Every structure is written in C-alpha cells, then in structure tokens.
Amino acid sequence: VDKYFTGFLAANEKGCFSSKEKNDFSPENNKGIYLVPQLITNDAEDFHITVEKLKNYGYDEVNFNLGCPSKTVVTKYRGSGFLAKPDELDRYLDTIYKENDIQISIKTRIGMNEVAEWDRILDIYNQYPLKELIIHPRTQSDYYKNRPHLEVFEYAVRESRCPVCYNGDVFNFQDLKYIMERFPTVDTVMLGRGLLMNPGLAEMLETGRMPSKERIRKYHDDVYEAYKEVSYGDHNVLFKMKELWTYMICIFEDSKKYGKKIRKAEKLWAYEELFANCELAENYTFKLK
C-alpha cells in the first residue's frame, strides 16, 4: 500500500480533535507511511480552521469526504449527502480551494439517487485543481448493494481534468485484473473493505498468492493485543474484534460455523481457542449483502 487515509475527521469551528482522532493521525503513530487526513463537513470555515490545525502536525495534503453513505451523515448533508445540493457544493469548493494553500483531493460517490446526477457533479469537480479524484461508482442510495456503475467511471476517466482513482469491490486478484484491463490508463486503486476482509490483500494483488495463515495470525495478534491495551475488559475487546471478524471470517474454511461461534464468545480465552482452530480457505468469494 503506497498511501493511507485516516477515517474521516469531523471538521469543526474550533479545529478540535478527540483523543481517538489524534491517535489516528498523530505522526508518531504513523511513522514510515504516507498518511492523508480525511475531513468531513459542509462548512467551509470549519474546513479551513481544521486544515490550519493539521498543518501544525506537518500535513500538506487532506482529503475531502463526499462518499460516506451512512444515513446519520447524509441527513446532515455531509459525505455523499452533500451531493444532493450541487449548487451549494460548487460554492463550497470554490471557497476551500481559494482559502487553503494545501493540496486537496476528493473521495466521492456519483450522486445521491440517480446515475444521471454524475454529469453535473463531475462538471463541478472539473472547475477545481483537485490533487486526486477517488471515485466509488455507486450512488448513496446504492449503499454497498448492486454492482458499481463502471460505465459512469469510464465516463469519468475520459472527462476528468484531474488524476482519477478507482474504489469499490476489489476483493481479490481477479477483481483488480478486470479493473486494470478495462481502464488501462488508471494506475491507482483504493482498497477499503477488501483489506478488512483479507489483511494480505495488497500482497495478494501483486503476487496472485494468498498470504499464509502465519501472516494473517500475526496481523490479527497485533490488532488484538493493541485493543487489549486500550480497551478495558473482555466485553470491550471482543466487541472490537467481532466487528473485524464480520469481514475477515470469509477467508476461512467453515466460515459460517466459526463466525457464529466467534459472535457468541464471551471470554477472551474462548475466543483465542476458536481462532487457533480456523483454517484458511484455498479459494474464497466475498460480497456484502
């Protein structure tokens, strides 16, 4: 992986960050990687104040989130919800690109409800000097259902005035191969849920080989031990690990059986024994329902 993005930071009028947010983007916790803070807001002044704070940490690039489909975000006209107000979005982008001397990329969906919204949205983006345009070719109403609208991404590749990055449903080597062959001029792909499912996905995409169980176990143990350091009690640690297993269980044999047992685990020792018995699947497929 060449470049990482933080989970979105909620920009605010004071430019304040929670302790969790600070841990996420703190340079001390991200040594040796190229990290870009991601902001979510619909207030240009809040964006500017937060950017100034991030510059104090040494950042010279941020990403603006227009892709989150969560209803709690969308109802506030943030994330992909902002796409429902293209005129306001245009004025907002005009302000943030004029007022900030930092590189700004955008992560976006292609509209709120209809694919036809994308022409207007892309016309807006083309007016500004985007560092990068990361496109998840689904509407907000698609959420993660249905197939990505690749014909819309194809249009963006052809018409965008800035570098384009593909995002969406890259879960294995075949998925990446298809995207690279269909869009040969696109050399950047963002991974999201696929990395949660298979932490060795980046290596797998380069080599075509599934990582060993030992590599997966090392990743798991690093995450597990870190959660035990910052979370109090078996319940809190297991809550976090079970969330991760929502994705990761699919790369193991008998995933339904072990997934059910993991969801029912209430003690760390029981959970640890379960993972020791899981075996990686030779072949797997994964689609969220």
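Start by selecting Phe-17, Phe-25, Tyr-57 and Tyr-59: ring pairs link them into a cluster. Rings of Phe, Tyr and Trp (its six-membered ring) count as a pair if their centres lie within 6.5 Å. You are looking at a predicted model, where local features need pLDDT of at least 70, side-chain atom pairs count only at pLDDT 80 or more, and totals for chains, interfaces and linings use all residues. Numbering runs from 1 along each chain as its sequence is written, and side-chain values use heavy atoms, leaving out hydrogens and water.

**Aromatic pairs**

The structure holds 14 aromatic pairs. Zoom in on one of them, Phe-17 and Phe-25: the ring centres are 4.8 Å apart and the planes stand at 70°, so this pair is edge-to-face. Planes under 30 degrees apart count as stacked, over 60 as edge-to-face, and the rest as tilted.

Now move to Trp-118 and Tyr-125. This pair is edge-to-face too, with 6.1 Å from centre to centre and 65° between the planes.

**Buried or exposed?**

Buried means under 20% relative accessible area, exposed over 50%, and partly exposed in between (1.4 Å probe, protein chains only). Phe-17 is buried at 13%, and Phe-25 is buried at 0%. Select Trp-118 next: it is buried, at 1%. Tyr-125 is buried as well, at 2%.

**Charges over rings**

A charge sits over a ring if NZ of Lys or CZ of Arg is within 6 Å of the ring centre and within 35 degrees of the ring normal. Select Lys-85 and Tyr-77. Lys-85 lies over the face of Tyr-77, 3.9 Å from the ring centre. Last stop: Arg-109, whose charged end sits over the ring of Tyr-144, 4.9 Å from its centre.
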